[in-house]
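Here is a short tour for anyone meeting this structure for the first time. Have a look at the sequence and the model, then read on.

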Amino acid sequence: GKVAIQKEDLQKYHNRDTWFQLQHVDADSEVQGKVHLELRLSEVITDTGVVCHKLATRVLECQGLPIVNGQCDPYATVTLAGPSRSEAKKTKVKKKTNNPHFDEVFYFEVTRPSSYNKKSHFDIEDVDEVDKMEIRNHYLGVGNPCFKFGDEFLGELRLPLKFLRQSSSYEAWYFLQPRDNGNKSLKPDDLGSLRLNVVYTEDHVFSSDYYSPLRDVLLKSADVEPVSASAAHILGEVCREKQEAAIPLVRLFLHYGRIVPFISAIANAEVKRTQDPNTIFRGNSLTSKCIDETMKLAGMHYLQVTLKPIIDEICQVHKPCEIDPVKLKDGENLENNRENLRQYVDRIFTVITKSGVSCPTVMCDIFFSLRESAAKRFQGDPDVRYTAVSSFIFLRFFAPAILSPNLFQLTPHHPDPQTSRTLTLISKTIQTLGSLSKSKSANFKESYMATFYDYFNEQKYADAVKNFLDLISSSGRRDHKSIEQPILLKEGFMIKRAQGRKRFGMKNFKKRWFRLTNHEFTYQKSKGDHPLCSIPIENILAVERLEEESFKMKNMFQVIQPERRVLYIQANNCVEAKDWIDILTKVSQCNKKRLTVYHPSAYLNGHWLCCKATADNTPGCTPCTGGLPANIQLDIDGDRETERIYSLFNLYMPKLEKMQEACGSKSVYDGPEEEEYSTFIIDDPKETYKTLKLIIEGVATLEQEHAQYKRDKFKKTKYGSQEHPIGDKSFQTYIRQQSEISAHSI
């Protein structure tokens, strides 16, 4: 069965549970598209002085026809049908299009000839018959001969001829209708009912300048002190669900490049209100919802490259992984299942903890901010800097994506029950591994999970998680207010070529101990020695491979610095070289002066080996690789998101006004807070009141514009136009409208 709701009725059911009767599924009722027709009824006088009435039906075009079985080769049949007659004609077939242009005219004789000296219109006996006649348009798609199917029904249109008595000519667009089932009725309760909650929004988006006042107030949210007095935070306070506010806010701030300062501000405010480090970011606050939404938007590609290959394998191979002895199937071995599950967990854990260089920049910047806020607030807890980040990246990103891959576009459908159970067990384990809690086996209610987790109760897993969290929450941007020590990201021996600081110095190769933190890239003679050279992260303009021909050495790369200074380095092997290039690119990719071109070979003997240019300051000859797919471009319409925010403010206007009252009450009354105001977070009543005033003014202005737009639209609306085709219900309205126009003309 199915539930079908007319578009014009959607608003009636908005955001409330409703029971709908199931209807039978019938291919003839699944139609879409619209058709452009012209009908003309005219009197024709023959040479013998006899009058007859003829109907010309012009089928101009269709739009939006459905594609059936991968093809659409449509044609139309036009039938004049009455109580005692039926005459059909057919258009040509239009190949491979669901927007066919026919422009064919068909003529039908409507009434019996009568002598010219009679009434010039229908005879009395003809009127009754004409009133019962209708013109039928059927639209069909040619069936696929390979499968021996008949032609597919695409929709129909039935128009009674009596409406042509008001005016002899009509041209209009019509929605195609389902096939008439001959008044066969089915009991409505044959198939039962379905309870649905429909959320329907329809926004009219104005041009950008209309939104400037409201948008400016919103985009300044990160700079408002305190942030609880900002427009974005106020939206989160008045909306019934934080998610309602988070979706358009995140998209708006991402579009204008303000998401990181905004989330940093609201996260810092939330951390200050948190009393226990173990509950940090655990509630469904505006902060957590905004970070969730940002990860969903910016992190989809990251999930694709990280998890999709192994998720696909799990869904296809169907290895038994059930470790609950009670649920074990006949013939399955518990130890074999544990080993299968352990291998899957190990592979997913490894792929996640090695993926730090692919984590999108915007996510890394947010995690850096969370880490800083948490470490500053709870200075006595060394793990809070990790749990603040892991509560999002593991608990709210990777674990849900493993559990329900279809919701994160990793699989097209919900997995089958066995695969779903395997993914549930993997998700639980990964979530616990990422939590870095002290007593991990105690996190499981089930004893079989606690037993299974013993496989992973080793320090190397905790170290891998911390290294991963260090990398994704580090930032090349120096923050002088930061209380954090530099985070060590990678170190090891490599061979470097002397940079030749002295004009006549020897440019030889030496083995050195390299060390990379989120602040600087250094090398020294041995581990623990004083650095011989230090390159601030902000001075790394590009990190690229170096062609072997330069020094006849493999596995070389170059770190390019200001003033064309280049550090040439040889790694121990190709894997090490790639790791160093990736991680150096990762920490430096936000540098404002990053290069767009570079020289893939060295400058030797007075020229560049790659392009033969003689000047050592010649711009590069090859585009930089651009590093990693960390900055994903999102298709976001900033005006549409501002319109959505306006709609929310308008919907919750009573709460905005109540919040204004709360500000006034707090400003003049210092006693116990009234219960009706206690739900709002108001740290600074005067600043909050000022912002509320700007919001209400901006909303009122936009409301006036919308009202004017609706009035203008109503005046210009014409049933039967391409923008407003005539539907089943609106046909009679159209007839009345046309009748009134005709009467007025007379």
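## Before we start

Helices (H or I, at least four residues) and strands (E, at least two) are DSSP runs, numbered from the N terminus. What you see is a predicted model, where local features need pLDDT of at least 70, side-chain atom pairs count only at pLDDT 80 or more, and totals for chains, interfaces and linings use all residues. Residues are numbered from 1 along each chain as its sequence is written, and side-chain values use heavy atoms, with hydrogens and water left out.

## The whole chain

Let's begin with the big picture. The chain holds 19 helices and 22 strands. Of its 746 residues, 48% are buried; buried means under 20% relative accessible area, exposed means over 50%, and partly exposed is in between (1.4 Å probe, protein chains only).

The accessible surface comes to about 39000 Å², and 49% of that belongs to carbon and sulfur atoms. Such areas come from the Shrake-Rupley method with a 1.4 Å probe, and for residues only the protein chains shown count as cover. As for contacts (heavy atoms within 4.5 Å), take those with a separation of 6 or more: 67% of them are between residues 24 or more positions apart.

## Two nonpolar cores

A nonpolar core is a set of buried Ala, Val, Leu, Ile, Met, Phe, Trp, Tyr and Cys residues joined through side-chain atoms within 4.5 Å. The largest one here has 111 residues, and those with the most contacts inside it are Leu307, Phe367, Ile393, Ile430, Leu469 and Phe649. Helix α11 gives this core its largest share, eleven residues. There is also a second, separate core of 28 residues, which includes Phe108, Val110, Ile135 and Leu157.

What does Leu307 touch? Not counting residues up to four places away in sequence, Leu307 touches Ile348, Val351, Ile352, Phe398, Ala401, Ile402 and Leu410.

Helix α8 covers residues 308–317, and its buried residues are Ile310, Ile311 and Ile314. Seen down the axis of α8, these fall within an arc of 105°, so they line one face of the helix; the arc is that of the directions from the helix axis to the C-beta atoms. Their packing partners are α9 (334–353), α11 (384–403) and α12 (417–435).

Turn to the face of α8 that points away from the buried side and you find the exposed residues Pro309 and Gln316. After α8 comes His318, with a positive phi near 60°.

Strand β5 (residues 85–90) is hardly covered, as the count of buried residues among its six is zero. Its partner is β4 (residues 74–82): the two run antiparallel and are joined by six bridges. Strands pair if DSSP finds at least two bridges between them. A hairpin links β4 to β5 through two residues, and Gly82 has Arg85 in β5 as its bridge partner.

Most residues other than glycine have a negative phi, and most peptide bonds are trans. Against that background, a few places stand out. Lys96, not a glycine, has a positive phi of about 50°. Lys96 sits in the loop between β5 and β6 (101–109) and is exposed, at 81% relative accessibility.

Gln409 isn't a glycine either, and its phi is positive, about 60°. You'll find Gln409 in the loop between α11 and α12, exposed with a relative accessible area of 55%. Then there is the cis peptide bond joining Glu225 and Pro226, with omega about -10°. Pro226 lies in the loop between α2 (212–219) and α3.

## Two buried residues up close

Val465 belongs to helix α14 (residues 459–472) and is buried, at 0% relative accessibility. Leaving out residues up to four places away in sequence, Val465 touches Phe349, Thr353, Phe394, Leu433, Gly434 and Leu436.

A polar atom of the Gln524 side chain lies 3.5 Å from the backbone oxygen of Asp529. Beyond its neighbours within four places in sequence, Gln524 is in contact with residues including Arg512, Trp513 and His530.

Definitions and conventions
Polar contact = N/O pair within 3.5 Å; in protein donor to acceptor, adjacent residues only side chain to side chain.
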